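Please read it alongside the sequence and the structure.

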Amino acid sequence: MRSSFGAPAEYTGNVPDGPETTSRQALEAIKRGIADGQMFQRIELMLPLIGATDLDDWPGGIRQQFKAASPMCESILKGLRAHLRFAGGFSPKILDEGDATVAWESEMVTAILFPTAESIDYISKATTAKGDDHVVILINPQWNKGGSNFISDFGWGASKAKAEKLIDSFEYIYSFEQRKQGGANIKFLKAYPEKWNILATEDDQRFEVIGITDKRPEYKEVEQMLKASYPDENIFSRFQKEFGLTNDK
């Protein structure tokens, strides 16, 4: 993975300030991807918090997230239909009620929200059933490919390899995500055909670029970015920023 990071610089691009701007930015990235022949796309949308508590951002779980995500998806698909100018609309289809996995189907586009490992057969059919010009979009997938501390949701052996080959054929077209790491508020922003911009912010108003990468960076690489960008800042001072702590001396 090629990457660039060091002294942070102010980010001068457009960072979404809510679900409407996130949806518009995602739509434009999807359109650029289609123009370049990217028919299998993956996007990650930062969802607006609804019903959050002090203890849990999503006390209602994945179904509560669906309530936040579905208006964003419908806005994107409405814009995509106008752009591609196809007849008819999208037909929603519940793939898994418990996991809130829903597909929107049309003659030119299939979009799947919250796909899981159990959605693989449906995704596979969507990529082949309607021709080479059919666009398939995965939105906020919920699977875990496994790692040092986790078992893959796709099992093992040949079935795992087949599933991972399929999902790896989907190109990250858009992503706007956030995480807390090392006491810092981190944003991931990727809008095709641009690279991944890894941003740090204290107030969601001013953003500093701590890294630019070709692929979505892993946890350890983000930690390296933080250390390279703020070499004189210890973990306590980061907590001071995060929680607004002050020195009473």
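In this predicted model, Glu164 is in contact with Lys145, Ser152 and Phe154, leaving aside its neighbours within four places in sequence. Glu164 belongs to helix α4, which spans residues 157-168. With a relative accessible area of 15%, Glu164 falls under the 20% limit and is therefore buried.

- Lys130 sits in the loop that runs between α3 (120-128) and β7.
- Its relative accessible area is 44%, so Lys130 counts as partly exposed.
- Apart from neighbours within four places in sequence, Lys130 is in contact with Ser106 and Glu107.
- A polar atom of the Lys130 side chain lies 3.1 Å from the backbone oxygen of Ser106.
- Glu107 is 23 residues from Lys130 in sequence, and the C-alpha atoms of the two are 7.6 Å apart in space.

**Nonpolar cores**

- In soluble globular proteins, nonpolar side chains tend to be buried together.
- The largest nonpolar core here has 41 residues, and those touching the most other members are Ile30, Ile43, Leu45, Leu47, Ile137, Ile139 and Tyr174.
- Two or more residues of this core come from each of α1 (19-35), α2 (61-84), β5 (101-105), β6 (109-113), β7 (135-139), β8 (171-181), β9 (184-191) and β11 (207-213).
- Helix α2 gives the largest share of this core, with eight residues.
- Ile137, one of the residues touching the most other members of the largest core, has contacts with Ile30, Gln41, Ile43, Leu80, Val109, Thr110, Ala111 and Ile112 when neighbours within four places in sequence are left aside.

**Helix α1**

- Helix α1 has 17 residues, and the distance from its first C-alpha to its last is 24 Å, close to the 24 Å expected at 1.5 Å a residue.
- The buried residues of α1 are Thr22, Ser23, Gln25, Ala26, Leu27, Ala29, Ile30, Lys31, Gly33 and Ile34.
- The cover over these buried residues includes β3 (40-44), α2, β7, β8 and β9.
- Ile30 is listed among the buried residues of α1 and also among the residues that touch the most other members of the largest core.
- Just after α1, Gly37 has a positive phi of about 85°.

- Strand β4 (residues 91-96) runs antiparallel to β5, and five bridges join the two.
- Asp96 has Thr101 in β5 as its bridge partner.
- Four residues separate β4 from β5 in this hairpin, and Ala100 in the turn has a positive phi of about 55°.

**Overall figures**

- The protein contains six helices and 11 strands.
- Of its 249 residues, 45% are buried.
- Among contacts between residues at least 6 apart in sequence, 55% join residues at least 24 apart.
- The accessible surface of the protein is about 14000 Å², and carbon and sulfur atoms account for 49% of this surface.

Definitions and conventions. Residues are numbered from 1 along each chain as its sequence is written. This is a predicted model: local features need pLDDT of at least 70, side-chain atom pairs count only at pLDDT 80 or more; totals for chains, interfaces and linings use all residues. Side-chain values use heavy atoms; hydrogens and water are left out. A nonpolar core is a set of buried Ala, Val, Leu, Ile, Met, Phe, Trp, Tyr and Cys residues joined through side-chain atoms within 4.5 Å. Buried means under 20% relative accessible area, exposed over 50%, partly exposed in between (1.4 Å probe, protein chains only). Contact means heavy atoms within 4.5 Å. A polar contact is a pair of N or O atoms within 3.5 Å; within protein, one must be able to donate a hydrogen and the other to accept it, and residues adjacent in sequence count only if both atoms are side-chain atoms. The expected span of a helix is 1.5 Å times one less than its number of residues. Accessible areas come from the Shrake-Rupley method with a 1.4 Å probe; for residues, only the protein chains shown count as cover. Two strands pair if DSSP finds at least two bridges between them.
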